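Work through the exercises below with the sequence and the 3D view open. Each task is followed by a stepwise solution.

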Amino acid sequence: MPTDPPAAESSALSRRTFVTTTVAVGGAVAVGDLVAAPLALGAAPAAATEAVLSTRVSLVVNGKQVTATVDNRTSLLDLLREHLGLTGSKKGCNAGACGACTVLVDGRRVNGCLTLAVRLEGAKVTTIEGLENGDRLHPLQQAFIDQDAFQCGFCTPGQIMSGIGCLQEGHTGSADEIREWMSGNLCRCGCYVKITRAVEQAARWK
Amino acid sequence: MSPQPQKAVGSPLSRVEGRLKVTGRADYAVDHDIPGAVHAVVVDSSIALGRITGMDTSAAESYPGVLKVITHLNAPRLVYRDYPGTNPRGRRLRAFQDDQVLFFGQPVAVVVATTIEAAQHAASLVEVSYESRQSTTDLTGRPGNVIGNYARGDAEAAFAAADVRLERRFDLARNHHNPLEPHATTARWDGEKLTLWDKTQGVNLTRNEVCAVFDIPPENVRVISPFVGGGFGSGLRTWPHVIIAALAAREVGLPVKLALSRRQMYFTVGHRPRYDYRLRLGADRGGRVTAMLHEPSYETSNHESFWEATLALGQMLYNVPNVSQVLRNVPLDINTPLWMRGPGYSSTAFCIEVAMDELAHELGVDPVELRLRNEPTRDPSTGQAFSTRRLTECFRTGAREFGWSRRNPKPRSTRDGDWLIGTGVATGCYDTWLGQAQAHARLDANGTAAVQSATSDAGPGTYTSMTQLAADALGLAVREVEFRLGDTTMPVAPPQGSSQTMASVGSAVQDTCDKLRQQAIRLAVGDQRSPLHGVNPDDVVVIGGRLQVKDKPARGETYRQLFARNNLTHLEANGSYTPQADSPYSMYGYSAVFAEVGVDARLGLVRVRRILSVFDVGRVISPKLADSQALGGMIGGIGMALLEHTVTDHRDGRIVNANLADYLVPVNADIRDLRAIYLDGDDRRADPIGVKGLAELVKVGVAPAIANAVFHATGRRVHELPITAEALL
Amino acid sequence: MYPFSYTKVSDVPAAVKAGSDGGRYIAGGTTLVDLMRETVERPGALVDISALPLRDIAATKGGGLRIGALARMAEVAAHPTVRALYPVISQALELSASPQLRNMASIGGNIMQRPRCTYFRDVTAACNRREPGSGCAAREGFNRTHAILGTSDHCVATHPSDAAVAFAALEATVHLLGPGGERTVGFADFLLRPGATPQREQNLRPGELITAVEIPSHPRPLRSGYLKVRDRQSYEFALISAAVALHVRGGVIQTAKVAAGGVGTVSWKLSAVERRLIGQRPSEALWTQAAEVAAEGAQPLTHNGFKVELLKRTVERQLRVVGGTR
């Protein structure tokens with residue numbers, strides 16, 4: 001029985017690994033002109049021999065070209081939220097287990113939390129903020145309002161983006177099919193009956 | 001005064017904030033754009049009991065981007081004043097004030113850095129060493145402290161003399177609220193003034209705690225919380241991370257955003273406690289329950305004595321002459337629990353309602369009929385009349401709509417391929433809680449109104465329902481009224497808990513808007529230039545923004561005309577609601593819950609095929625939203641019955657399944673046919689707007705209805721939650 | 001998450017070179033990024049292989065199937081050839097994870113998934129896979145979801161992949177390319193049982209890359225399907241699963257391919273069940289009799305004893321479903 005917890009060992013491992021891999025590069029990220037300059041960190045620039053831990057990446061977000069130097073660790077979700085000011089995509093678990101971060105990458109629904117931003121060179125990303133056409137809501141957004149398919153609203157952007165994926169994939173043949181193909185998005189308020197109806201409504205509109 | 005026509009109230013409005021929510025523009029606790037904000041990440045203890053013997057923060061501190069690492073070694077001493085509030089009795093966890101570890105996952109340090117990536121990584125570099133002691137986290141077999149007693153009649157004697165006796169022991173798993181939005185706080189100091197954007201079910205809860213911890217006056221703290229990504233109770237207390245965010249912001253001199261990870265959501269923001277519930281039930285052959293003896297024990301922490309309303313149902317739900325109750329809580333090396341949807345009632349209802357089903361089976365009496373035979377005419381615990389109690393009607397309506405009469409009472413009598421089909425029923429009930437609330441309303445010369453109260457909207461639709469009440473009271477269209485909430489600068493409201501918001505804040509909004517309307521009416525009838533001059537104010541109503549004589553609608557004028565002529569920019573009013581101190585009535589909401597399940601008995605799978613609940617909740621202000629809330633409660637009940645179980649490794653007090661892949665909540669595919677019926681009602685004995693509260697009630701009774709349906713399907717009676725494959729194979 | 005360098009490679013030789021230099025391959029990233037965030041995984045260099053031309057899905061000459069390692073789970077599941085030839089693969093994939101994750105995750109990555117053990121994922125717990133020699137917290141801990149077959153004193157975690165169960169049943173081969181050239185490994189030899197070295201999970205040499213998974217040709221007609229038993233209806237790992245493929249000719253079972261998931265430290269081939277089926281006529285009694293040996297050698301732990309019986313019943317059920325005696 002591990003009465004003596006393994007924390008110390010595990011920390012020791014952290015430390016060793018840390019020493020061998022880290023270099024003196026700031027965690028700060030500059031993103032074109034989209035955000036205010038990050039705080040000056042006073043960190044020394046990476047020496048030429050050291051591994052490069054941040055990368056310049058260009059992608060299209062909601063139709064706009066974005067070029068950013070990102071910490072390689074930055075997820076698409078954090079790029080959107082922390083650097084592009086697009087906080088509609090939510091961090092519910094940060095582990096691919098809730099779907100609140102769902103966005104479209106090159107037209108397919110994915111979990112933004114498990115997508116490294118550095119891998120998105122040339123990609124087209126659509127978020128909840130990119131759905132409106134002028135003042136007009138996307139039919140699925142309107143369906144969510146009509147069917148009352150949300151309560152607290154936190155999972156809603158992910159549900160809608162996932163619903164758009166579901167519609168595009170054509171998994172709307174029956175309520176059961178929608179239920180299964182919308183099961184990657186948790187709703188703790190319990191709006192599933194109405195989420196399914198909203199996707200059905202949008203499928204009819206389509 | 002003449003009652004206003006009710007146009008908005010009772011109509012199926014869509015959520016007024018819907019557009020913000022479907023476009024991603026509703027800002028939750030860490031969505032607000034706060035220039036210059038940096039990020040804080042909490043480091044958790046990896047032992048459940050002991051003390052911190054060493055803290056090496058050097059690697060973390062030297063990591064690029066890190067601004068500060070705060071631990072008990074360098075944190076400033078905080079006052080942590082006690083105050084009359086809702087914190088449980090005991091000594092609350094004090095962030096970084098000593099070296100003691102009280103439970104697994106307790107915050108032991110916080111790292112503040114300029115980016116999320118740096119803060120998270122540096123948090124993993126903090127090395128903590130501990131002197132660990134053997135923790136105790138298992139409720140089983142521990143005596144606990146008696147924290148409540150009740151007796152009427154002679155329950156032991158009546159039980160001994162009963163024709164039919166049942167003795168059961170229930171084990172109900174610990175559950176976590178798990179709102180989809182992790183708890184989070186953004187903190188900013190401007191000199192002595194602190195602003196917090198917090199995930200909370202009550203902005204004043206946060207302010208009270210922060211003032212007490214930092215010893216600062218309330219006027220120096222503003223808490224803002226316009227959108228709350230679910231709570232289900234976890235936001236009814238100000239947990240340590242809020243203090244840590246404020247502390248970190250002060251220490252680094254910058255605004256700080258602190259969001260708990262999903263894993264941390266299992267450590268420090270409460271849970272529905274595990275129950276060990278012994279229940280004995282005696283009845284006569286005619287199905288009248290003669291004795292109920294309750295011995296519930298639930299978890300609490302070693303540092304605080306948690307209390308929830310576990311006893312009420314056992315005293316008032318059925319007309320039982322002899323009742324005894326002994327309530328215990330069992331101190332363990334865990335975080336303190338916190339009220340979760342239908343607190344106390346959900347757990348107790350499971351035990352009573354499963355036992356009632358067993359009794360019905362034993363006696364060969366229909367389970368619905370058994371409940372009707374034990375229906376009281378007055379509250380048996382107080383002798384009070386019920387404000388309203390229409391449980392019988394709930395059952396009759398439900399039985400009809402559900403098709404209950406077609407049921408073959410014999411277990412294992414219905415099959416659909418590999419699935420055994422069963423149906424079950426249970427009663428739901430929850431106290432009508434009422435709290436003091438205040439509101440403010442302002443009517444502008446352009447004929448629009450703004451109403452506000454420092455309440456919360458964690459999902460029930462408070463924005464919408466209050467708008468509906470205000471619109472009718474002011475005689476305006478819904479789009480002409482804006483309701484604002486979630487800010488301590490607004491008039492005080494109770495936290496959004498115990499289903500009290502609609503009744504309490506709603507009554508305050510009603511009072512405020514009534515006052516404001518009457519103010520305008522008085523102005524008109526006293527104004528010689530008004531067509532309403534000289535009319536008895538009690539004969540004036542406002543419809544579509546026009547003040548008019550009730551019986552002669554042609555005579556009148558609009559708010560705009562009245563205001564313009566009098567050179568008024570606006571009128572405003574403050575109003576409030578104070579519950580009656582000693583109401584002569586027993587006030588509860590009721591439901592009859594019918595469930596149908598399919599059980600693949602060979603594989604141990606349970607799937608809920610349909611649920612129908614019929615509710616007696618008084619008046620329904622916002623039917624479209626009330627329907628959603630009821631369905632949500634059913635889904636919560638499905639989780640409680642079949643899936644949810646926070647698992648602790650009692651060897652070291654570790655929570656094993658602290659993530660959403662291993663702690664299972666229902667997904668869309670689990671949910672099929674759910675239906676809610678609200679009896680048309682209006683309970684003005686309960687409160688001025690006639691409502692009895694929804695949010696808790698809609699979950700109570702769901703889990704036992706499912707368990708009873710599982711028995712009907714399989715003949716297998718399960719006394720443990722959740723009901724999983726191993727119990728059915 | 002520990003910092004790492006990032007390189008995207010555009011051809012296979014460059015990938016193998018980078019992998020041989022110590023780089024860690026990343027394809028869909030759904031397992032790796034998740035575990036990196038938990039600091040379970042701490043690679044210093046990531047080699048992004050998503051642009052490599054390893055995405056084709058095609059029938060092979062003999063009537064088999066070759067699935068490029070970088071084909072996404074969703075693409076494989078929906079592919080008409082896969083659906084036609086091996087419904088068991090499509091079903092296993094569509095019952096996995098969520099639509100979003102299936103859009104991201106690759107087939108190669110799917111079979112490379114690390115164990116789904118909560119102690120493995122918790123860096124403050126003892127785990128021999130994560131830190132060899134630190135002990136196994138699950139063996140005496142909470143182990144309801146853990147393995148009953150192929151366990152060792154060092155590890156009792158299940159292999160979480162559904163597709164791997166179908167591949168094990170169908171006796172797939174895994175095509176590898178490394179600094180030493182190409183080689184092919186049978187599925188039974190690809191995933192390694194923990195033994196005394198649970199940190200070694202696959203039969204892979206340094207720098208080796210999975211290029212494809214190939215299903216050999218099986219006699220036609222072949223009926224196949226996948227059954228996944230779990231607490232909730234979707235978006236959950238298997239408590240128990242069964243992949244079954246049967247070829248019946250002249251009223252007699254000529255070929256039987258059966259494997260189970262959720263029970264073994266690797267996807268578990270049920271050869272004993274297969275032997276009881278071959279040469280027999282399909283019947284209810286046969287399914288029961290064959291499934292009886294499904295849990296041979298099982299060693300249940302404190303909380304997963306129910307899996308022994310549930311495994312037999314799951315196999316029996318899926319034999320019946322695929323065998324079509326009803």
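**Exercise 1. Describe residues 23-134 of chain B.**
Step 1: the end C-alpha atoms of residues 23-134 of chain B lie 50 Å apart.
Step 2: the span is 13% helix and 33% strand. Helices (H or I, at least four residues) and strands (E, at least two) are DSSP runs, numbered from the N terminus.
Step 3: an unreviewed UniProt entry annotates residues 23-134 of chain B as "domain: Aldehyde oxidase/xanthine dehydrogenase a/b hammerhead". Such annotations may be inferred rather than shown by experiment, and positions follow the numbering used here.

The model is predicted: local features need pLDDT of at least 70, side-chain atom pairs count only at pLDDT 80 or more, and totals for chains, interfaces and linings use all residues. Residues are numbered from 1 along each chain as its sequence is written, and chains are lettered from A and ligands numbered from 1 in the order in which they are written.

**Exercise 2. List the elements of chain A in sequence order.**
Step 1: count 6 helices and 5 strands in chain A.
Step 2: the pattern reads α-β-β-α-β-β-β-α-α-α-α.

**Exercise 3. Characterise the side of chain A that touches chain B.**
Step 1: 70 residues of chain A are in contact with 67 residues of chain B (contact: C-beta atoms, placed from the backbone, within 7 Å).
Step 2: helices supplying at least two residues each include helix 1 (7-21) and helix 6 (192-205) of chain A.
Step 3: helix 1 of chain A gives the largest share, 6 residues.
Step 4: this side divides into 37 nonpolar, 18 polar and 15 charged residues. Ala, Val, Leu, Ile, Met, Phe, Trp, Tyr, Cys and Pro count as nonpolar, Asp, Glu, Lys and Arg as charged, and the others, Gly among them, as polar.

Terms used. Contact = placed C-beta atoms within 7 Å.
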